[in-house]
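Have the coordinates open as you read.

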Amino acid sequence: MKENKGSRFKKPIPSGLVRAIAIAVSVAVLTFTVIFITDRIEEQRIADELSRQAEISKAVEEANNKVPEIAPKKDENAENTVSGPFPGNTSGEGGSVTLEYTDQVVISKSTGIVNMHFKNPITSNQDIVIQIAIQGKNGEYIIMQSDRICPGYILRTTKAEEKILNVTPIGKYDGFYYIYYYNMNTGNRAVINTQIPIEITVTN
């Protein structure tokens, strides 16, 4: 008897196996998609961080190069603590002073306000400019610089450098006051300056 080839039936693939293959393919596609998305997120994170670092570097360079050789205008935020005529030495030469300050500085990111306490005493014969330097993970950078503080004036509140504050996370930092001295008559900056350790708290 001749074998009828057309009458042969292929054995069907079990439905469970089909389902397993479909699930495996779906999982593989999903895994690839997750890996792809994760890689894209990591690439974007790195790009954002590099952009942030570039922004910080630019802002730091701008802020750190702002110390003037000639005394700037009087600081509008400084308060006069003396009534009557100025009793100090106006020669602008020689002498020494005991600076009055607190070593705690608080800066608000939402308002940009710096709360501090620094007084150029009435016995001083030098005008001063104050910088606040913050020690971040990327190095030291200037987050505030005053204008000229005359003898007998105190600085309690002022504004932070906006570009620097925007890239400074909330937290506590070590930092410094940098004090630059200026001749009261000529306005020329002195060779010496003073560095004072402080603690800086950046709040919301």
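Buried means under 20% relative accessible area, exposed means over 50%, and partly exposed is in between (1.4 Å probe, protein chains only). This is a predicted model, in which local features need pLDDT of at least 70, side-chain atom pairs count only at pLDDT 80 or more, and totals for chains, interfaces and linings use all residues. Residues are numbered from 1 along each chain as its sequence is written, and side-chain values use heavy atoms, with hydrogens and water left out.

Q: Why is Asp127 called buried?
A: Its relative accessible area is 3%.

Q: What makes Asp127 and Arg148 a salt bridge?
A: The term asks for a side-chain nitrogen of Lys or Arg within 4 Å of a carboxyl oxygen of Asp or Glu. Here the closest N and O atoms are 3.3 Å apart, so the pair qualifies. Asp127 sits in strand S5 (residues 126–136) and Arg148 in the loop between strands S6 (139–145) and S7 (153–159), so parts 21 residues apart in sequence are tied together. Strands here are DSSP runs of E with at least two residues, helices are runs of H or I with at least four, and both are numbered from the N terminus.

Q: How do you know that Arg189 and Glu69 form a salt bridge?
A: Their side chains meet at 3.5 Å, N to O, which is within 4 Å, so the name holds. Arg189 belongs to strand S9 (residues 189–203) and Glu69 to the loop between helix H1 (15–64) and strand S1 (78–80), so the bridge joins parts 120 residues apart in sequence.

Q: Why does Lys172 with Glu199 count as a salt bridge?
A: The closest N and O atoms are 3.8 Å apart, within 4 Å, so the pair counts. Lys172 is in strand S8 (residues 171–183) and Glu199 in strand S9, 27 residues apart. Lys172, at 60%, is exposed, while Glu199, at 29%, is partly exposed.

Q: What makes a set of residues a nonpolar core, and how many residues has the largest?
A: A core is a set of buried Ala, Val, Leu, Ile, Met, Phe, Trp, Tyr and Cys residues joined through side-chain atoms within 4.5 Å. The largest has 27 residues, and Met116, Ile130, Ile132 and Tyr177 have the most contacts inside it.
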